[in-house]
Every structure is written in structure tokens, then in C-alpha cells.
Amino acid sequence: MHDRLDYHRMNDDTALAEALRALPSCAPERDAWPELAARIRRRHVVRRTAWFTLPAVFAAGIALALAWPHLRLSAPLPAPAGVAARPAMHAATPALPDLAALRVSSQQWQAWVQKLDRDGAPLNGPQLARAVSLQDQIGLVDLQLSAARNPATAADLWQQRITLLQQLGLLHLQPYTVAEQAPTSGTRVIPM
Amino acid sequence: MRPFALLEHLRIVDKPTSFQQTVDPALISRLQRGDLDAFEAIYRQFERAAWTLALRLTGRTDVAQEVLQDAMLKGFERARQYRGDAPFAAWLRKLVVNEALMQLRHDRLHVIEVLDDTQADANAPLPWMLVDAATLDRALNRLPDAARAVLWLYHVEGYTHIEIAQQFGRSVSFSKSQLARATKRLRELLQPTAEDTPCTIGSTTTA
């Protein structure tokens, strides 16, 4: 009886395996390749951009940290929005900051941010909201700059603009760090 | 009635075990250099096999879609890790299995049902020998996720109980009991009803 049961089970298993293998294969309802190819290209761009930009950002951060004391010495304290129309407050500033250098620096940071915005990874909801907020603040600074007559005030505004651009650039880099960390979570090495 | 008579034509037209295909080594080399065109050729070659496997293991088209995408993405990004000591198709299949089981764990889709362990009648007819593909397909989809996955991995993909246990992070006993219970449940479910088309699993929510 035992032998008969074993024989029956083996026969049963074989029949079931054959029946399952004989089931037709299926095809996805829609072609998944375009989406997959787009994902691959996007991740490739993110990694390539991160490879080049992360060291640049790191170097820029160090340069900024080194230059910050000099900038603070040469430039007056940040002026609130209403102060731009009252140049007399900074009339006694001994050394005028290099407005041209600040303007060039601002342009360089802006070009970098624009490149990240154009080529980089899309931002998620909170990042997008923060980016819009930073862009609004930059727009406000630009408005103040257009009305600034005092070089010291203008320099301070240029410095504010640069700081906001740096924050915006770092915001655009956040997806890269997430993308670099992502493969380590929830994945397993596949031994073959 | 001749066994599998209703399934014979399907076997000729289509082979579900198409992970047994070989891949042109030149294509693999190009893929390992990041050639997207080469990857597309490989993707096209295994799209149906990967999709079928993902669908059989997860039982849902939306999850299978995600599994297909994620597994293939990993296939592209990890192609350099493939060393050629096993067939490329087997390596790709493993990616799909890993991804599907990870989805099952992540989405908590699989419910390990405790079924009645009464001994099946040794003389009972084998119902899978008498039903058509659509009926078997439907019954398969009604199995609990873990049971269906174990059944498919064991009978179709040729995994051993040890390999299945490793994939699920469970014991060998788990694999064996799930297989026995899945077989028993399938036997109970196989009641030929209205005619249906194959590949219907996933079109509705799982039972």
C-alpha cells in the first residue's frame, strides 16, 4: 500500500508539472520597453551628472567656507528688504566689496543650477516646493538689486543671491544621493 | 481521454520555459559595456518568459509589471556582475524570481494559509489531466500567493525544496508543506466550468 501511494504521488507530481508547464506563456498588455529604456537613460544621466557635480559641489563648499570670513569682513551685514532704500545706514563702510566679482560668481552659480535643473533628476513634491520657494526668494533679491543704489547694499544682496543659488543647487543634488544609496537597501547579492 | 489532449496545441505553439533559451555571447558582451540596443534585444527575447514568471509568482498584473521593470533594470545595471559560469537566462530568471518574491514580502501579499491536511484519496483521478488550460490557470490564480509561488517554482522552474526555502527565507519543511497543500487545494479547485481564455490571472484581484 505504501509503495502504491508513493507511485501515485510521483505520478501525480509528474502530471501536475506537465500540466503547469503546458500552460501558455503570457505577454504584457502593453510594451514595457519604452518605460524601461527611459528609466535606464534617466538613471544613467543622474549617475553621470552626480559623478561630475558632487566633487565640484564639495570643492565649492570648501572654497565657500574658506572665503566666507573675508566676504563677511568686506561686506556689511545682510540688509532686510526695507533697508535697500536707505543707503545712509552704510555710508561709513570703509572698503567697498567687489561687485563685479560677486556678479560673476552669481552668474556661475546660476549657470550651474540651470544645468542641474535641465539635466538632473526630477524633484519630488517637497523638494519642488522648496525649489519654488528658493526661486521666489531669488526673484525678490533681484527686485531689490534693481533698486539698490548703495554698493554695500548691492554687494550684500549679491551675496544673498549666491547663497540662495547654492541652496537651490544642493536641492537639485538630493536625488543623486538618494539614487546612490538606493541599491544598498532591500537588495540581495545574487550568487550564480 | 488522452492526458493533456486539451493542452497539446498550446505546448506546440508556446513554451513557458523559455528561460531555457540561449543568448548570443556577443549580445552579452555589448550589454556589459552598457549597450542599450543589445539590452533591448535581450529584453525582447525574454519579455514573455519574464512576464509569465512574474505573473505566475505574484498573481497580479500590476505587481508583475513592477517586477518585470525592476528585474530587467537590475539585469542592465548588474550585467557586469554576470561572470558566465551559468547560462545568462538562468541569471536573468533568478533576478525575476528574487524581485517577485521581494514584492510578495514587501506588499505582504502572500498569506500562508493553513489548510486541512487530510490524506488525499490515492485512487482519485488526477484532475489536471482532465481540464483545459484556462481552468487550470484560473485555479492556479485562486491559490494563496505563497502556495502558488512554491508550486510554480518547484514544478515549472525546477527549484529544489532547499532552493525554495532559501528564496523564502524559511525552512525546507515550509517548502514541502506549502507544495503539498497547494497541490491538494489545486485538486479541490479544479472543477471545469465555463470556457475562458488563458492568461487571465491578474486581471482581477486575487482570491
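1. Chain A is helical in this predicted model: its secondary structure comes to five helices and zero strands. Reading along the sequence gives the pattern α-α-α-α-α. Of its 192 residues, 36% count as buried, and its accessible surface comes to about 11,400 Å², with 63% of that belonging to carbon and sulfur atoms. Among contacts in chain A with a separation of 6 or more, 83% are made by residues 24 or more positions apart.

2. Chain B has nine helices and, again, zero strands. Here 54% of the 207 residues are buried. Chain B exposes about 9,600 Å², and carbon and sulfur atoms supply 51% of this area. Residues 24 or more positions apart account for 75% of the chain B contacts with a separation of 6 or more.

3. If you have time for one helix, have a look at α3 of chain B, residues 36-58. Its 23 residues would span 33 Å as a straight helix at 1.5 Å a residue, yet its end C-alpha atoms are only 28 Å apart. There is a bend of about 55° in α3(B), and you will find it at B:F46. The helix is also mostly covered, with 17 of its 23 residues buried.

4. Both ends of this helix deserve a glance. Just after α3(B) comes B:G59, which takes a positive phi of about 80°.

5. Now for the aromatic residues: over all chains, the structure holds nine aromatic pairs. In one of them, the ring centres of B:F39 and B:F76 are 5.3 Å apart and the planes meet at 55°; the pair is therefore tilted, since that angle falls between the cut-offs of 30 and 60 degrees. B:F39 sits in helix α3 of chain B and B:F76 in helix α4 (residues 61-77), so the pair ties together parts that are 37 residues apart in sequence. Both B:F39 and B:F76 are buried.

6. Another pair to display is B:F88 with B:W91, whose ring centres lie 5.3 Å apart with planes at 40°, so this pair is tilted. Both residues belong to helix α5 (residues 88-106) of chain B; because they are three residues apart there, about one helical turn separates them. B:F88 and B:W91 are both buried.

7. Which residues do ring pairs link into a cluster? They are A:W33, B:F39, B:Y43 and B:F76. I would show these four together on screen, with A:W33 from chain A beside its partners from chain B.

Technical notes: Residues numbered from 1 in each chain as written. Chains lettered and ligands numbered in written order. Predicted model: local features only at pLDDT ≥ 70, side-chain atom pairs only at ≥ 80, totals over all residues. Heavy atoms only, no water. Helix = DSSP H or I, 4+ residues; strand = E, 2+ residues; numbered from the N terminus. Buried < 20%, exposed > 50% of the residue type's maximum accessible area, 1.4 Å probe, protein only. Contact = heavy atoms within 4.5 Å. Areas by Shrake-Rupley, 256 points an atom, 1.4 Å probe, with all protein chains shown as cover. Expected span 1.5 Å × (residues − 1). Bend = angle between axes of the 7 residues up to and from the residue. Phe/Tyr/Trp six-rings, centres within 6.5 Å; stacked < 30°, edge-to-face > 60°.
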